[in-house]
Amino acid sequence: MSLAKFLKAGSLSFDILVIDEASQMRPEDALGAMLRSKQIVVVGDPKQLPPTDFFSRAGDAGPEEEDEFDDLDDESILESCQKTFGHRRPLRWHYRSRCESLIRFSNEQFYRRELVTFPASKPESFSIDLIRVDGAFQARCNPAEASRIVEEAISFMRHYAGFDEDKVPTLGVVAVNLQQRELIREEFNRLRADDPLVDLYLDKVLNRGEEFFIKNLENVQGDERDFIFISMTYGREPGGSAVKQRFGPINRKQGHRRLNVLFSRARTRIGLFASFGSADVVPSADSSEGVHTLRRYLEYAETRGRVSTMPGQDAESDSDFEVEVAERLRARGYAIDYQVGVSGYRIDLGVRHPDHPERYLAGIECDGATYHSSKSARDRDRLREEVLTDKGWDIVRIWSTDWFDNPDLQTERLFERLEALRRQPAESPDDFAFRFETHQVGQSDGQETARASAEATDSAPSPDGEAEVQIRTVDDPLRLGVASFSEKDCFEALHHFRAHVIAAEMPEWDPNRSILRDAMIETFVRQRFADPDEWFEKVPGYLRQGTNAAEKNRYLERICEIVSRLDQGQAHSDSAPAGSRGSTDALSGPSSGFGTDAGSAARGQSDGTEYSPTNFSELGLRPEASRFYDHDYESVLQKMVAHVLRRESPIYEDLLIERIARAHGFQRSGERIQKAVAKVIGKQYRRTKEDGRTVVWGGEQASRIVTYRNCEPDVRSHGDVPIAELASLAVPFIRVRLSDDDILYRMADHFKLGRLREPTRVRFQMAVDLARDAARAPDL
């Protein structure tokens, strides 16, 4: 466009001119460059944004006039060239979207399924999340929707800030009009202030060359990001009962082409933030195609792809060759899907993972019709496999000539290949989850709390109820007899605490500023917030600023206590090596999580022995406190020490002394008592030092790993279990090669610890180190 303005006529010419996004350019704007070029390549999509007067008028018109911009009747340079040039080449391969659900709507609605798309490696996956917001459209903006989308964007950035630069996913935010875009920008700049994790994320994506953006519908064409958050902006006006059928640029003549651009910008996932649903869009006979398309897309998102704009095709085998391969694999126990995909390209056979049926183990390509339909070897033998591998597939090829020559041999080779893939560690992607995707329009946070409170009040507690039921029916989750929560239980407990404790106790309670509003509950659970000192580290600044200070001071510690009961062993189980998960499950007992069956009773493991404090009545003697310090009473003390060690060895010396002192009625173990008992111990028994305390041993070899003895925490705390005994808890997991961190969390779970404090972590680590040293010894 600028060449005619800045270059003199005849001063410079070009060998080749490339016009990109040509659907948006008018012929007169391209003419100056075309006259200076020998060859022209025009690239564009006639189904995307047409030429508009948006950019020419945006600087002169006020914001209130934006919806008055209209589409030009002039054809684009792309349409002009289509009529003039004889040589046209359609580019049909679409490999941007990592999940077909992202492009399926456009492929059916705009391209008559002519795009060649590639299936995802997860069956029935759907990558469009519809987040319903209780928002209102006023002054051409939706403030509630802007706040919600910015909160999710900041949560997204904090979630991925710690990822490696080459793995951090990129993000873009798109609003339907200019005013909403500006409101989102202002809100983002306000809430991101003083948040180092957000700054870290922004730096990483900038270094990758795909910086975070906030744009509006008219200027997002040509951009793509891994995640796209869309603010649909429109909705009911305050006090209104219905959505007015005015959707700004979507109402215009080419509104459907704008939506095609909007809904095809994401590679990985779309977050669709809307204050209205498909039922609120009521096209009339005079409505533009854009309004009809909007309704259909909302239906597509609401039904998670079950509503299609074109009739589908049944997945049937492509040839008898495929049927025979599938039948042989089914005979080996594999589940097989024919013709995986929804458009031009399909994988002949999809083999579902036997252990993870939510994804495919492999895709099998037979050299049938799909293979031979490719026009070049480059397409069928290299490019297609590269695209599929990038989408998470492992592709296995079977050649028909080899199969018909020896099907049994090829079946065995195929089975061995699949079993090798099955043995590989399963990937555990760290997917970002939106908060409360099913949040209903018209239901505020306070209304939800009130409803939950009413339901809980009306519910009668069941004497046989599980923990989840109890959470809803007791006044305070801290009184529950539940040692640990799952994530779901923790969410329920915090919601219950909000409705029954905070809302009831706080005067003039404001649910929108509550320390347990939905966004804060999400943060507490996802961040494992169990220490009040982590307030500034784990809670984003925008959430801290909006929180009632009185609630924070009054309830934060109690909230941390609830969150500390999150099942840490379960929470970290995904980090265990995939090859060891089955083994650890086999070692788990119903109560402790450690092996207790006869097969695991070997030295160094728990064999189900119960620990109980010494009962001196078994000795048949009567302790006499008045003779405790007499020289001739040492023989009695010797018998008592021997009895304790027979029952409880190894035992910390201070505990042994305490047992004997209490048996004599002494409430304190003073210095004289300690010296008297220590004198008896020192003559006959070995003592060792660990962690600042003395361990007394009976007949066992000192420092050797000994069998762990089960007991309740109120009988003997983990701090009173010698490290040699703690080490036996780690032995089964060392044998299946778990990492130290995984073992520590399982030990914490055994003792029902909500979180692992540093002194406890140090002790448990000493036990793990001792167990690893013993495991290297030849006799263990």
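These are my notebook entries on a predicted model of one protein chain.

**Ground rules.** I number residues from 1 along each chain as its sequence is written. In this predicted model, local features need pLDDT of at least 70, side-chain atom pairs count only at pLDDT 80 or more, totals for chains, interfaces and linings use all residues, and side-chain values use heavy atoms, with hydrogens and water left out.

**Whole chain.** I looked up the secondary structure first. The protein chain has 30 helices and 16 strands. Both are DSSP runs numbered from the N terminus: helices are H or I with at least four residues, strands are E with at least two. Of the 780 residues, 49% are buried. Buried means under 20% relative accessible area, exposed over 50%, and partly exposed in between, with a 1.4 Å probe and protein chains only. I then checked contacts, meaning heavy atoms within 4.5 Å. Among contacts with a separation of 6 or more, 71% join residues 24 or more positions apart.

**Strand 6.** I turned to strand 6 (171-175). Is it enclosed or open, and why? All 5 of its 5 residues are buried, so the rest of the structure largely encloses strand 6. Leu171, Val173 and Ala175 point one way, and Gly172 and Val174 point the other way. Next I looked up its partners; two strands pair if DSSP finds at least two bridges between them. Strand 6 runs parallel to strand 8 (residues 225-231), joined by 5 bridges. There, leucine 171 stands opposite phenylalanine 227. Strand 6 also pairs with strand 7 (residues 213-216), in the parallel sense over 4 bridges. Valine 174 has lysine 215 as its bridge partner in strand 7.

**Glycine 162.** I found glycine 162 in the loop between helix 6 (143-160) and strand 6. It counts as exposed because its relative accessibility is 67%. Its C-alpha atom is 8.2 Å from that of leucine 200, 38 residues apart along the chain.

**Lysine 204.** This residue sits in helix 8 (residues 196-207). Lysine 204 is buried, yet it has no salt bridge. A salt bridge needs a side-chain nitrogen of Lys or Arg within 4 Å of a carboxyl oxygen of Asp or Glu. The nearest side chain of opposite charge, aspartate 164, is 6.0 Å away. Beyond its neighbours within four places in sequence, lysine 204 contacts Ala161, Gly162, Phe163, Glu165 and Val168.

I noted an open sheet of 3 strands in the order 14-16-15, with antiparallel pairing. Its edge strands are strand 14 (651-652) and strand 15 (687-690), each pairing on one side only. Strand 14 and strand 16 (residues 693-696) share 2 bridges. Isoleucine 651 stands opposite valine 696 in strand 16.

Terms used
Lys and Arg count as positive and Asp and Glu as negative; His and the chain ends are not counted.
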